[in-house]
Amino acid sequence: ADAQTPFPDSNSNGIITIEVNEPVISGSNYLDYAKAILHETIHAELHRLKIAGNLGPNSMPSEQYNLYMHMWDF
């Protein structure tokens, strides 16, 4: 994978990190690099919503959040 955004563990103090796989992505063009960062930023935001219980400035509608949580359980 070009990058990944693991769900933060209890030792992370809630900090969500995006890990870039430099050897894999170094041969990519700028557009592919930007797509990878955007994709992982979406994962980071979904992790933030789960951690915060859908609170915050960019919360999902309740129905959408409940579906997200249902899918998370799978």
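**Entry 1: aromatic rings**

I began with the rings in this predicted model, and I counted three aromatic pairs, taking ring centres within 6.5 Å as the rule. The pair I looked up is Tyr68 with Trp72: the ring centres lie 6.1 Å apart and the planes stand at 75 degrees, so I noted the pair as edge-to-face. For that step I needed the cut-off, which is over 60 degrees for edge-to-face.

Where do Tyr68 and Trp72 lie? I found both in helix H3, which covers residues 62–73. They are four residues apart, about one turn of the helix. I reminded myself that an α-helix has 3.6 residues a turn, so residues three or four places apart point the same way.

Tyr68 is at 14% relative accessibility and counts as buried, while Trp72 has 33% and is partly exposed. I also followed the ring pairs onward, and they link Phe7, Tyr65, Tyr68 and Trp72 into a cluster.

**Entry 2: helix H3**

I stayed with H3 and looked at its length. H3 has 12 residues, and from first C-alpha to last it reaches 17 Å. That is close to the 16 Å expected at 1.5 Å a residue.

Which residues of H3 are buried? I wrote down Tyr65, Tyr68 and Met69. They cover an arc of only 95 degrees around the axis, which puts them on the same side of H3. On the other side of H3 I found Glu63 and Leu67, both exposed.

I wanted to know what covers the buried residues of H3, and the cover includes helix H2, residues 30–52. That sent me to H2 for the next entry.

**Entry 3: salt bridges**

How many salt bridges does the structure hold? I found two.

I took Asp32 and Lys35 to begin with. They form a salt bridge, with the closest N and O atoms 3.5 Å apart. Both sit in helix H2, three residues apart, so about one helical turn separates them. Asp32 is partly exposed, with a relative accessible area of 28%.

Then I turned to Glu45 and Arg48, whose side chains meet in a salt bridge at 2.7 Å, N to O. Glu45 and Arg48 are also three residues apart in helix H2, with about one helical turn between them. I looked up the accessibility of both partners: Glu45 is partly exposed at 27%, and Arg48 is partly exposed at 23%.

**Entry 4: a longer look at Arg48**

I kept Arg48, in helix H2, on my page. Leaving out residues up to four places away in sequence, I listed what Arg48 touches: Ile16, Leu55, Gly56, Pro57 and Asn58.

I also checked Arg48 against Pro8. The two are 40 residues apart along the chain, and their C-alpha atoms are separated by 9.5 Å.

**Entry 5: the whole chain**

Next I stepped back to see the chain as a whole. I counted three helices and two strands, and from the N terminus on the elements run β-β-α-α-α. The radius of gyration is 14 Å, well over the 11 Å that the globule rule gives for 74 residues, so I noted the chain as more spread out than a compact globule.

I took down the span of the C-alpha trace too, which is about 40 × 25 × 25 Å along the principal axes. Of the 74 residues, 20% count as buried. For contacts with a separation of 6 or more, I found that residues 24 or more positions apart account for 29%.

**Entry 6: two positive phi values**

Last, I looked at backbone angles. Asn13 is not a glycine, yet its phi is positive, at about 60 degrees. I placed Asn13 in the loop between strand E1 (3–4) and strand E2 (19–20).

Asn54 also has a positive phi, near 70 degrees, in a residue other than glycine. I placed Asn54 in the loop between H2 and H3.

Note on methods: Residues numbered from 1 in each chain as written. Predicted model: local features only at pLDDT ≥ 70, side-chain atom pairs only at ≥ 80, totals over all residues. Heavy atoms only, no water. Phe/Tyr/Trp six-rings, centres within 6.5 Å; stacked < 30°, edge-to-face > 60°. Buried < 20%, exposed > 50% of the residue type's maximum accessible area, 1.4 Å probe, protein only. Expected span 1.5 Å × (residues − 1). Arc of directions from axis to C-beta. Contact = heavy atoms within 4.5 Å. Salt bridge = Lys/Arg side-chain N within 4 Å of Asp/Glu carboxyl O. Rg over C-alpha atoms; globule rule 2.2 N^0.38 Å.
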